[in-house]
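This briefing covers the pockets and cavities of one predicted model.

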Amino acid sequence: VMLVVPSHHLRSVAKQLVDLLPSGVPIVAAVKGIENESLELPSQILAGTLPARLHPQLTYLSGPSFAKEVALGIPTGVLVAGRDEGYACLAQEVLGNPRLRVYRTDDVIGVELGGALKNVVAIAAGISDGLGFGHNSRAALITRGLAEIGRLANKLGAHPMTVSGLSGMGDLVLTCTGDLSRNRQVGLELGKGRKLAEILGEMTMVAEGVRTAKSAYELSRREGVEMPLTEGIYRVLYEDSDPRKEVADLMSRAPRPERDF
């Protein structure tokens, strides 16, 4: 059973599925985001909504994969996370084919954080491109964005290596550089000077990073984790801050060691 809905609708959809979901099959959530009100990840939402008998069946799919390219049969690697190895293996077997290689892990939290937070960094990368900055700027944003994801993931108990894998670095690079990335497109238009409401009003699909930026900002404050890039994107989206000012603020921060986590 595939759950493929925007993260802000997951709770309401899950409540409607309580009596419909069958036993004995993997439930694969391809949902990337952090709920605004609760600051919960999809796994936490489902654990609190679905009955305990279904919890072992819950798995989570992530990784660098534009749906259009998967549909065209372009070789792709993704990751399925599940706390029950049997169901994770079954999901891996069912989803995999000669053009879709599926890896597995038990690090649900790490996979979900990578999948959610990369959308926020992709908005930043799009803003950078929209402002006319170059490859140097984008590379720095991706790298420092990964550092922020790693800090929060570490605080919340994720495995350190997950951030370097398909659901972390892999998905981050794809979403920050690919023309099919909705979040990058939002950032691109913001960098050109357009307003968020106007941009979103023209979109027919969901850019998860807009809502996730608010959740990530509040989660970082709750957990005491420094995430300056995320904070800057939050201010651009929700406080109408000038993207150029946020870039200047980031570049003028006090010097620090790179491995200062």
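The second largest cavity is lined by L117, V121, G145, E148, I149, M227 and T230. Its space comes to about 30 Å³, and the model it was computed from is a predicted one.

**Cavities**
- In the second largest cavity, α5 and α6 each supply at least two lining residues, with the largest share, 3 residues, coming from α6.
- By class, the lining of the second largest cavity has 4 nonpolar, 2 polar and 1 charged residues.
- The count of cavities of 30 Å³ or more is 2.
- The largest cavity holds about 60 Å³ of space, and among its lining residues are K32, Y60, E112 and G115.
- For the largest cavity, α5 gives the most to the lining, with 4 residues, and β3 also supplies at least two.
- The lining of the largest cavity divides into 6 nonpolar, 2 polar and 2 charged residues.

**Largest pocket**
- The largest pocket has about 940 Å³ of space.
- Of its 30 lining residues, A30, K32, S65, A67 and R182 lie nearest the centre of the largest pocket.
- Elements giving two or more residues to this lining are β3 (58-62), α3 (67-71), α5 (108-130), α7 (166-177) and α8 (182-191).
- The lining of the largest pocket has 17 nonpolar, 7 polar and 6 charged residues.

**Second largest pocket**
- The volume of the second largest pocket is about 690 Å³.
- It is lined by 27 residues, with A140, L141, R144, L250 and M251 nearest its centre.
- Two or more lining residues come from each of α5, α6 (135-155), α11 (228-238) and α12 (243-251), and α6 gives the largest share, 7 residues.
- By class, the lining of the second largest pocket has 16 nonpolar, 4 polar and 7 charged residues.

Conventions:
Residues numbered from 1 in each chain as written. Predicted model: local features only at pLDDT ≥ 70, side-chain atom pairs only at ≥ 80, totals over all residues. Heavy atoms only, no water. 1 Å grid on protein atoms, 1.4 Å probe; cavity = no way out; pocket = protein on both sides within 12 Å on 5 of 7 lines; lining within 4 Å. Points joined across faces, edges and corners; volume = space filled by probe spheres on them. Nonpolar A, V, L, I, M, F, W, Y, C, P; charged D, E, K, R; others polar.
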